[in-house]
Amino acid sequence: MDIFLITTRGLEPVGAQELATIPAVTLGELGYRRVSARCEGALAPLLALRTVDDVFLGVAVWDAIGRTREALAELRARGAALRLYEAAAACADTRPLDWPPAFSVTAGFVEQRNYTMDEIKEAVAQ
């Protein structure tokens, strides 16, 4: 599974170093408050990380989304194709989950768009 962790600014290398001690993990990129990785084994060891704020399963990263409002329909379609129950099953192997499971959408963009972050979240959630 693709994973990423969020940590306090400046602790990204420390979080990555701690993450690298888990044998089934292959480190990816370090960014601002973020470390990406791939976990080929059980997720439970991730719960013991001490230098990170949160650990997430990465289910999708979408680049090249248009600036016009028509992009919201594309986001809605991409959201419908997500394999969320596989991610939920991986989490359920680690800890109990409510059923149906709850998911949250995070989104970010740099350039100006003709829609808002809340509209992105709503489109994907639909």
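Predicted model: local features only at pLDDT ≥ 70, side-chain atom pairs only at ≥ 80, totals over all residues.

Reader: Which strand pairs with S3, and in what sense?

Author: Strand pairing is read from bridges between the strands. Here strand S2, residues 25–31, pairs with S3 in the antiparallel sense, over five bridges. The hairpin of S2 and S3 has two residues between the strands, and in this hairpin Arg33 takes a positive phi near 60°.

Reader: What does Ser36 touch?

Author: Ser36 has its place in strand S3. Not counting residues up to four places away in sequence, Ser36 touches Ile3, Phe4, Leu27, Gly28 and Glu29. With Glu29 there is also a distance to note: a polar atom of the Ser36 side chain lies 2.8 Å from the backbone nitrogen of Glu29.

Reader: What pattern does the chain follow along the sequence?

Author: Count the elements, then read their order. The chain has four helices and four strands, and the order is β-α-β-β-β-α-α-α. The C-alpha trace spans about 45 × 35 × 20 Å along its principal axes.

Reader: How many residues are in the largest nonpolar core, and which have the most contacts inside it?

Author: The largest nonpolar core has 16 residues. Those with the most contacts inside it are Ile3, Leu19, Val25, Leu43, Leu46 and Leu49. At least two residues of this core come from each of strand S1 (2–6), helix H1 (12–19), strand S3 (34–39) and helix H3 (84–92). S3 gives the largest share, three residues. Apart from this core lies another, of nine residues, among them Ile65, Ala71, Tyr115 and Ile120.

Reader: What does Leu19 touch?

Author: Leaving out residues up to four places away in sequence, Leu19 touches Ile3, Leu5, Val25, Leu27, Val35, Ala37, Leu46 and Leu49.

Reader: Which residues of H1 are buried, and where do they pack?

Author: For a helix, list the buried residues and then look down the axis. In H1 the buried residues are Glu12, Gly15, Ala16, Glu18 and Leu19. Seen down the axis of H1, they fall within an arc of 160°, so they line one face of the helix. These buried residues pack against S1, S2 and S3.

Reader: Which residues of H2 are buried?

Author: In helix H2, residues 71–80, the buried ones are Ala71, Leu72, Leu75 and Gly79. They lie on the same side of H2, because they cover an arc of only 100° around the axis. The buried residues of H2 pack against helix H4 (117–125).

Reader: What is Asp2 in contact with?

Author: Asp2 lies in strand S1. Leaving aside neighbours within four places in sequence, Asp2 is in contact with Ala37, Arg38, Phe56, Leu57 and Gly58. With Arg38 the contact is a polar one between side chains, at 3.1 Å.

How values were computed
Residues numbered from 1 in each chain as written. Heavy atoms only, no water. Core = buried A, V, L, I, M, F, W, Y, C linked by side-chain atoms within 4.5 Å. Buried < 20%, exposed > 50% of the residue type's maximum accessible area, 1.4 Å probe, protein only. Contact = heavy atoms within 4.5 Å. Pairing = 2+ DSSP bridges. Arc of directions from axis to C-beta. Polar contact = N/O pair within 3.5 Å; in protein donor to acceptor, adjacent residues only side chain to side chain.
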